[in-house]
Amino acid sequence: MSTIPLNPRQQQILERMALDGEVKLVELKAMFDVTEMTLRRDLEKLELAGLLRRTFGGAILIGNDIALKDRTGVMMEEKMRMGQRAAASLQAGESVFIDGGSTTLQIARFLQPEMDITVITNALNIATELLNKQIPTIVVGGMLVNRTATMVGPMTASWLGTMAIDRVFVGTTGLSVKHGFSNSNMHETEIKRLVIRQAAEVNVMMDHTKLGMQDLFSFATIGEVNRLFTDREPAGELAAALRKESVELVLC
C-alpha cells in the first residue's frame, strides 16, 4: 500500500471505490462540496499513489483484490476502537447480525471465544474471522459481491426475512441530514434495509470521514437507528438531527 498521506476526502473517495471498483466525477460532485478541479486533483494524487487509474469521467481501482485490502487499512485505529466497544456491548443470549465491511470486521475480531451469542452474517470476511472461536454462526448464502466479500440477492433476502434479530451492526459510506445513512451498492443496500426491519435494535458503525457525506442509495433514516458508533462527535445540523431522533452516540 502507498505511504503517500491522504486527507479525509481522499480516504472517502478510496472507500467509495472499494465498494464498486470505480467512481464517476458526477458522483463525487454530489458527495463533496468542492470544485470539479479539486476532485480531479484528488484522483490524480490517488493515481500517483498507485491506488487507481483515471478514466474518462472518473477512475477505476487497480487490481481485483485491492478493495478489501485498502478499505481495511484506512482509519484502522479508529475502526479497532469502534469494534472493541461494539463487541463489549453484546449480551449473553443475543442474536446479532454483522454485515460486511472493514469497520464491522473489527467487531468479529474482538468477540471472545465461546461467547454465548449467535452471529448471523452475509459476509465471508466476518465468517472467516469467527472460525475456531466456537461462537454459533449462521452464514447466509446468495450471490457473491467480489470486492466486498458479501452475499446479496433474493436468496440472501429470503433467509434473512425469516429471522427475528436482537441487534444488527451495519456499516455506511455516508450520513447526512437529508439522505440519512447511505451506501453506493444497490444490492448491499437492500440487505441493510431488510435486516434493519428484522431487528429490535439498529447499530451503525462509521468513522468521522463519512459524517456529512451521502451516497447514492439510502438504507435508513436517522430516526431508524438506535445507536451510532463513531470516533468523532458530529457537529452543527447533523448533531441536532441525531439529538432530535434520540440516537445514542458512542464515541470511540
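Helices (H or I, at least four residues) and strands (E, at least two) are DSSP runs, numbered from the N terminus. What you see is a predicted model, where local features need pLDDT of at least 70, side-chain atom pairs count only at pLDDT 80 or more, and totals for chains, interfaces and linings use all residues. Residues are numbered from 1 along each chain as its sequence is written, and side-chain values use heavy atoms, with hydrogens and water left out.

**Exercise 1.** Find where Glu114 sits, then work out its phi and its accessibility.

Step 1: look in the loop between α6 (105-110) and β5 (118-121); Glu114 is there.
Step 2: check the backbone. Glu114 isn't a glycine, yet its phi is positive, about 65°.
Step 3: buried means under 20% relative accessible area, exposed over 50%, and partly exposed in between (1.4 Å probe, protein chains only). Glu114 has 62% relative accessibility, so it counts as exposed.

**Exercise 2.** Now zoom out and describe the protein chain by its secondary structure, span and burial.

Step 1: count 10 helices and 15 strands.
Step 2: the C-alpha trace spans about 55 × 40 × 35 Å along its principal axes.
Step 3: of the 252 residues, 54% count as buried.
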